[in-house]
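Please look over the model below before reading my comments. They are brief and keep to a few places.

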Amino acid sequence: MSSPCDPRRAPAGDVGAAVMIVDSRLKAVYDGRTGTDVEHQQLIDHFTSSLTAQEAHDLLDGMCTLIFMYMKWLRMAHEQHDKDVLATVVPNFVHSLRMMHRSVRPEVIPTMTGMLVAAGLDLSPSLWRRQFGEWTRDEMNPLEATALLLAEHINRLTEDQDFATRLITEALSSSEESARRDTDEDPE
């Protein structure tokens, strides 16, 4: 039976913009800039305020796609060592979100955790979240934090500070190449 949260039904969104935002946050963390960087926040705010409603939805879907792809990679990596990704990743994730009390309100932690669990079960986090209505303003920072924490976790596991970003950019590149080949082979 097919699930209404099947990832094949989910829009990918603007994965390029989402990975750009997460990568810039990761670089700031690795450079030791963990406090509020006013200039960086202004750039992000300017970027997001310039988005149309559709572009904003695409960015949200893109963040959810990142979460899905990161959890898929983590699930495969954990399965190689006979470990359960949910039992290993989710408790540490919840603990990390709870420590981010200035940017993550406690009442959104269950939603972010649910999205993580959905992705860990091979369901679309975006479609899973949509069944509860529209996104809230309070969920924006936690959504970004969720993707950031997963990317940083992957980078720590691989001992490569650029691995998570490279994972996504390579997937995007191969997807674009495949689409180009399909277009070139189309006889119409």
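1. Basis. This is a predicted model, where local features need pLDDT of at least 70, side-chain atom pairs count only at pLDDT 80 or more, and totals for chains, interfaces and linings use all residues. Residues are numbered from 1 along each chain as its sequence is written, and side-chain values use heavy atoms, with hydrogens and water left out.

2. Helix crossing. The axes of H4 (residues 85-99) and H7 (residues 140-158) come within 11 Å and cross at roughly 125°. Helices are DSSP runs of H or I, at least four residues, numbered from the N terminus. Axes are lines fitted to C-alpha atoms over the stretch in contact, with angles from 0 to 180 degrees between N-to-C directions.

3. Who meets whom. From H4, Val89, Phe93, Ser96 and Leu97 meet Ala145, Thr146, Leu149, Leu150 and His153 of H7. Contact means heavy atoms within 4.5 Å.

4. Thr113. This residue sits in helix H5 (residues 109-120). Thr113 is buried, at 14% relative accessibility; the cut-offs are under 20% for buried, over 50% for exposed and partly exposed in between, with a 1.4 Å probe and protein chains only. Leaving out residues up to four places away in sequence, Thr113 touches Val90, Phe93 and Val94.

5. Aromatic pair. The ring centres of Trp128 and Phe132 are 5.0 Å apart and the planes lie at 65°, so the pair is edge-to-face. Rings of Phe, Tyr and Trp (its six-membered ring) pair with centres within 6.5 Å, and planes over 60 degrees apart count as edge-to-face. Trp128 is buried at 18%, whereas Phe132 is exposed at 55%.

Note on methods
Helices (H or I, at least four residues) and strands (E, at least two) are DSSP runs, numbered from the N terminus. Rings of Phe, Tyr and Trp (its six-membered ring) pair if their centres lie within 6.5 Å; planes under 30 degrees apart count as stacked, over 60 as edge-to-face and the rest as tilted.
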